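Dear colleague,

Please find below the structure I promised to hand over. My notes on it follow, arranged by topic.

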Amino acid sequence: PIHYNRVGMEPSMVPAVSAMAVYFVWRAIRTARKRDAVLAGAFTALGLYTYPAGRAVPLVVALVMAYHLFLVRDFNRRVARNFGIAAVVAFIALIPLGLYFVQNPNWFLLRMHQTTLPTLGSESPIAAIQTGLKNTLLGFFWRGDENWRQNFPGRPAFDPAQIVIVLVGLAACARRMKQSPYWYLLIWAGVGLLPTILTEYSPHFGRALGATVPL
């Protein structure tokens, strides 16, 4: 994210926005304050204004909300109210962008079509997705992004010490999956990696920036 920020490219906003969205959703659940719900909705909507990969931000928030709506036993009316407030705020914040996309649908679909045509539009989309998943996972410790703009070509995302720390963290999350904070991290990281798994040139570190914070 620091590198992209220095280059002056919009992907650098995705980690910050996604972190704030998840943070305020978590606070809205824990504290049940309306202010936190308003900020959760605002930052969720802001994700769509950043970069195509930022469209994963609302998906992360939606999965967190669905988890609490259908699986968590301590769900209560105040949490439901806050989810409603967050949804309304997000909808209002998205009106300008939504109107633009309605009037110019190509701008909503063009980049997704360009980047997924070689994968989801191929003769074997399942095989292409499997290849994207493999390349993305190997990109952490074996062979990273080849693009000079985003990486020393081929350098893995993590050094050996970081790999150990990430594995320890994943093990901790797996042991505590039924507890909300750990579940959030796994879902957040997984959804954040989808833009590079489902598109060409995986591992693409720019499209995977949404997974930076949870990883």
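A residue is called buried when its relative accessible area is under 20%, exposed when it is over 50%, and partly exposed in between. Please bear in mind that this is a predicted model.

**Salt bridges**

The count of salt bridges comes to two. One of them joins Arg 143 to Glu 146, with the closest N and O atoms 2.7 Å apart. Arg 143 has a relative accessibility of 44%, so it counts as partly exposed.

**Helix packing around α9**

Two helix pairs involve α9, which spans residues 180–197.

Helix α2 (residues 13–31) packs with α9 at an angle of about 155°, the axes being 12 Å apart. The two helices are therefore roughly antiparallel, and α2 passes α9 in a right-handed crossing. On the α2 side, the contact is made by Ser 18, Ala 19, Val 22, Trp 26 and Ile 29. On the α9 side, Ser 180, Pro 181, Tyr 184 and Trp 188 take part. Sorted by class, the residues of this contact are seven nonpolar and two polar, with no charged residues.

Helix α7 (residues 125–141) is the partner of α9 in the second pair: the axes come within 9 Å and cross at roughly 115°. This crossing, in which α7 passes α9, is right-handed. Ile 129, Gly 132, Leu 133, Thr 136 and Phe 140 of α7 meet Leu 193, Thr 196 and Ile 197 of α9. The contact of α7 with α9 has five nonpolar and three polar residues, and no charged ones.

**Separation in sequence and in space**

Thr 131 is placed in helix α7. At 38% relative accessibility, Thr 131 counts as partly exposed. Between Thr 131 and Glu 200 there are 69 residues of separation in sequence, while their C-alpha atoms are 10.0 Å apart in space.

Val 102 belongs to helix α5 (residues 77–103). With 67% relative accessibility, Val 102 counts as exposed. Val 102 and Phe 70 are 32 residues apart in sequence, and the distance from C-alpha to C-alpha is 32 Å.

**Backbone geometry**

- Ala 32 has a positive phi of about 60°, although it is not a glycine. The residue sits in the loop between α2 and α3 (34–46). Ala 32 counts as buried because its relative accessibility is 9%.
- Tyr 201, likewise a residue other than glycine, has a positive phi near 65°. Tyr 201 is found in the segment after α9 and is exposed, with a relative accessible area of 59%.
- Ser 202 and Pro 203 are joined by a cis peptide bond, with omega about 0°. Pro 203 lies in the segment after α9.

With kind regards

Definitions and conventions: Residues are numbered from 1 along each chain as its sequence is written. This is a predicted model: local features need pLDDT of at least 70, side-chain atom pairs count only at pLDDT 80 or more; totals for chains, interfaces and linings use all residues. Side-chain values use heavy atoms; hydrogens and water are left out. A salt bridge is a side-chain nitrogen of Lys or Arg within 4 Å of a carboxyl oxygen of Asp or Glu. Buried means under 20% relative accessible area, exposed over 50%, partly exposed in between (1.4 Å probe, protein chains only). Axes are lines fitted to C-alpha atoms, for helices over the stretch in contact, and angles run from 0 to 180 degrees between N-to-C directions. Helices (H or I, at least four residues) and strands (E, at least two) are DSSP runs, numbered from the N terminus. Angles under 35 degrees count as roughly parallel, over 145 as roughly antiparallel, 65 to 115 as roughly perpendicular and the rest as oblique. A crossing is left-handed if the near helix is turned anticlockwise from the far one by less than a right angle, and right-handed if clockwise. Contact means heavy atoms within 4.5 Å. Ala, Val, Leu, Ile, Met, Phe, Trp, Tyr, Cys and Pro count as nonpolar, Asp, Glu, Lys and Arg as charged, and the others, Gly among them, as polar.
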